[in-house]
Each structure stands twice: as C-alpha cells, then as structure tokens.
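Please examine the sequence and structure shown below before reading on.

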Amino acid sequence: MTVTPTRTVTLTDDATGKSWKLPVLPGTVGPDVIDVRKLYTDTGMFTYDPGYTSTGSCESAITYIDGEQGILLHRGYPIEQLADKSNFLEVAYLLQYGELPNEKERDDWVKHITYHTMVHEQLISFYNGFRRDAHPMAIMCGVVGALSAFYHDSIDIHDERQREIACHRLIAKMPTLAAMAFKYDRGQPFVYPQNSLSYAENFLYMCNSVPAEPYKINPILARAMDKIFILHADHEQNASTSTVRLASSSGANPFACIAAGITSLWGPAHGGANEAVLKMLMEIGTKDKIPEIIRRAKDKNDTFRLMGFGHRVYKNYDPRAKVMRETCYEVLSELGIKNDPLLETAMELERIALQDEYFVQKKLYPNVDFYSGIILRAMGFPMSMFTVLFALARTAGWVAHWQEQLREPDSKIGRPRQLYTGAAARDYVSIEKR
Ligand code: SDX
C-alpha cells in the first residue's frame, strides 16, 4: 500500500545551516514514521540506530503492538479475543490473508494444511545424523533448511501458487518435524501424523504416542497447546521475523528463510528465553533466594538478566503473559499439580519485581516467556523443546511476513550501512618492517 505523507519535518545541519524537509508517513494507528529513504542521497549522511530502537524497517498490516498500553492486535483483532475464541489454524489464516475465514475458506485451509503434515521419508536419515543429545533447535535449524532439498516444486518465490504451497507445507510440517526432534531426543520411534486429529491434537499425539499402547488425547491439554501456539504466532518485526524478511529480501527460498528465523529465535534474549526462565526458576529453587536474584538483575556489573522480564516494545504487561498465566492454572489443575514450586517461585518473583523501583522505573514486566515454560514442563516437554514449540507457532507469522514482503511492489534487498570507525586508508607494510 502506498502511504501518502501528511506533513514534513525539517532537518537542519547546524554547522552549515543547510536544511532538508523529510516526509512524515502516518500509520492506521501507532507512531508516524519519518521517511529517510532519500536521506543519504540528499545529505550524504546515514541514520544511526544499532538495535533498531527507533527504526521502522518496513510497512506491514499484519500485527500491531502498543507497548505503552500492552496491546497486541493481529489484523486488528486483540490477542486476548483470538486466544479465547479462535484456534491456531484460523489465526494462521488471518495472519496470511488479512481476514477471518468463512466456513468454506476455513475448511479448504485446514484441508491443505492437513494433507501436507507428512514429511519426505528420506528426511528421517537427517535425524539419524545427529547425536542423540543434540539440542532439538540444532536439529530444527538443519531439517527445516533441508526441506528446500525435497520440495523443489514450491521454491519459486515469483510463482504465487508455489509460494502458497510453501506456506501450507511449512505450517503443516513444523509440528511433524518438531515431534520427530522430541522423539529423537527420547530415543522413541517417530510417529506419523493422523489427519483425523486437529493441529494441536496431532502434535501432542506425534509427541506422546508410542507403538506399545494407544494414546488418549486430553482435550484440555490440546486446547491449552493450541492457545500457546496462538500466543506465539506473530509479533511484528521481532528479531527472528526481521531475520526472515532480510533473508527473503535476497530472494532466498522459503525453507531457507524460515530456517534463518529459527536460528535467530534460538537466542536466550529472544525465543530461547522460555528455556532460560525455567533454568532460572530451578536455580532459584526456594523463595528465600529471590532477593539475591533481584539484586543480581539490578547490578550493572552483573550480566545476569531476569529472564522472562522486559521487552523492547512492551513497557507494560505483555498481554500474552496474562493469557499464559491463566492457561498455566488450567493446565496445572487439569494435571492435578497443586502448589507447583516453580509456579510459586515465579508468582513470588513477579510480585517482588513489580514492586521494585528498578523494574518499575525501567518498565520491566513479565513477557510471553515468563510462564510458558512452567506449562510446557508440566505437559511433559523437556526445556530443550520449549523454543522448538515457539518456532513451530511463529512459523505462521514468519510465512505471513515472508508473503507480505514478496508482495511489496518496491521490495528490495535489505542492505544496511554503518558508522565506520576503523583505520583510514594506509599502505601495506612488509613483515620485516612491522
Ligand atoms: C521475546 O521483540 C519481540 O517481539 C520478541 C518476542 C516475540 O514474540 O517475538 O516478544 C519474544 O523475545 C520476549 C523477550 C524474551 N527475552 C527475555 O525475557 C530475556 C530477558 N529480557 C532482556 O534480555 C531484555 O528485556 C530484552 C532483550 C527482552 C529487551 O532488551 P532491550 O529492549 O534491548 O532493552 P535493554 O536491554 O536496553 O534494557 C533497558 C534497560 C537496561 O538497563 P540500562 O542499561 O538502561 O540501565 O532495562 C534493563 C537493561 O539492563 N533490563 C533488564 C532486563 N531487561 C532489561 N534488567 C534486568 N532484567 C531484565 N530482564
């Protein structure tokens, strides 16, 4: 969509008195942007924004976050309503096409996804190449990128139909690949998908079913799993989504772009935080250790961060964390887990942190990762699988952004510049003279 400037701002170089007028573009909601696309041509200067704290990298209509208010909208729909009323595949459709599907659109979408859940049988040998103790995220980085070696009929990014099939395949196969990584970790045989099951049911079935006995789906846990997928589906231009967009801007195939997103998500500052939160809660152990943890988190000389707290955008409670906390209670009570020590510690940690001046002043609140690990652990997932589940769900958002970028009429390769502070030009010195 071409946005029309509503006004200009003036940039003045105080040293020379030269001024430049820069157009200001308005969004539907949220901050306006200063269009600096011609800044270097006009001024010979770059903008400088490491970490992109004040930079809009693209125009997007998929997700809107109001960090001050703690609001998250997917195509205008609040995350709380989607988590309560929708399901993951419907949200994936919404992210991709911009509208909630009618019955026929929904049935077609579910059918396409369902009939792509199996993976090429030769992919199994990729798993056997990993050590049994390989981190499942290492496996996912490898096997998702390898999909481009098997599905040559859906890698032409200039073919709309091939792009659509690639999206179906990625959304459909991530649960199968993730469940295979889980089974490989446990030394159990892989379980093929069952097309009679829903998306979340199928995932739990592929993870937990064993040949030795029938597996009974728990509808409460399946619903909780689906809700957790919804909460992780998309989140604007976060690090991994921006990685997918940057990889896509070079024309890389969809499977390579999603594999790039998986690698970026793995970091503990991003999608790896759910695993880091549980490790932190286990290290804390009892509540009396909390004051020391809070002290360390506030100590500028200590690299320790309170995992699951803080966010680049949210300066209020992450709306996903609220839903996640409610889901936590539902799952623990369904599983008959009373007074879970980790939940007790997490609740006490949250209570103390939210009263502490440091966290209040820096507007640090629990984020989506603070409670998710407690639920996933209670559901029987090892910590190493937590970020895999995040990647599984975030694939819905990644492919929506991948499609949106490729549909952008003036999309070009992402190629940032820099502030160079290295050596100025100098001549080579032979080793005798060094
Ligand atoms: C996700 O971007 C997304 O949308 C991501 C995500 C998504 O859905 O894609 O929401 C998923 O990644 C959630 C975040 C998960 N990560 C964690 O929980 C790790 C712990 N959090 C921090 O690492 C940190 O809060 C970040 C990385 C999440 C955000 O870092 P920023 O925006 O770069 O903020 P910052 O590091 O500049 O922090 C601002 C200040 C700093 O203090 P000063 O230098 O200003 O004195 O707040 C402090 C930080 O030291 N701070 C923390 C803290 N987070 C920030 N201090 C202690 N504990 C923390 N968790």
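Four helices, α3 (88-97), α4 (103-114), α7 (160-186) and α8 (199-208), each supply at least two residues of the lining of the second largest pocket. Helices here are DSSP runs of H or I with at least four residues, strands are DSSP runs of E with at least two, and both are numbered from the N terminus. The model is predicted: local features need pLDDT of at least 70, side-chain atom pairs count only at pLDDT 80 or more, and totals for chains, interfaces and linings use all residues. Residues are numbered from 1 along each chain as its sequence is written, and side-chain values use heavy atoms, with hydrogens and water left out.

**Pocket and cavities**

Rolling a probe the size of a water molecule over the atoms shows where empty space is left. On a 1 Å grid over the protein atoms alone, a cavity is a set of points where a 1.4 Å probe fits but cannot get out, whereas a pocket is an open set with protein on both sides within 12 Å along at least five of seven lines; lining residues have an atom within 4 Å of a point. Grid points are joined across faces, edges and corners, and a volume is the space filled by probe spheres set on the points.

The second largest pocket has 20 lining residues, of which Leu-89, Val-110, Leu-197, Ser-198 and Tyr-199 lie nearest its centre. The structure also holds two cavities of 30 Å³ or more. The table gives volumes and lining classes, in which Ala, Val, Leu, Ile, Met, Phe, Trp, Tyr, Cys and Pro count as nonpolar, Asp, Glu, Lys and Arg as charged, and the others, Gly among them, as polar.

| Space | Volume | Lining residues by class |
|---|---|---|
| Second largest pocket | about 220 Å³ | nine nonpolar, eight polar, three charged |
| Largest cavity | about 90 Å³ | eight nonpolar, one polar, one charged |
| Second largest cavity | about 40 Å³ | seven nonpolar, two polar, no charged |

Among the residues that line the largest cavity are Met-118, Glu-121, Thr-176 and Phe-190. The second largest cavity is lined by residues including Ile-228, His-232, Asn-274, Leu-376 and Phe-386. Helices α9 (219-231) and α18 (386-407) each supply at least two residues of this lining, and α18 gives the most, with four residues.

**Helices α17 and α18**

Two packed helices are described by the angle between their axes and the distance between the axes. The axes of α17 (residues 369-378) and α18 come within 10 Å and cross at roughly 110°. Therefore α17 is roughly perpendicular to α18, a term for angles of 65 to 115 degrees. Axes are lines fitted to C-alpha atoms, for helices over the stretch in contact, and angles run from 0 to 180 degrees between N-to-C directions. Asp-369, Gly-373, Leu-376 and Arg-377 of α17 make the contact with Phe-386, Leu-389 and Phe-390 of α18, where contact means heavy atoms within 4.5 Å.

**Strands**

An open sheet is formed by three strands in the order β1-β2-β3, with antiparallel pairing; two strands pair if DSSP finds at least two bridges between them. Because β1 (7-12) and β3 (33-34) stand at the edges, each with a single partner strand, one side of each is left without a neighbour in the sheet. Six bridges join β1 to β2 (residues 19-25), and Thr-12 stands opposite Ser-19 in β2.

Strands β4 (residues 63-66) and β5 (residues 71-74) run antiparallel and are joined by four bridges. Ile-65 has Leu-72 in β5 as its bridge partner. The hairpin of β4 and β5 has four residues between the strands, and Gly-70 takes a positive phi near 65° there.

Conventions:
Angles under 35 degrees count as roughly parallel, over 145 as roughly antiparallel, 65 to 115 as roughly perpendicular and the rest as oblique.
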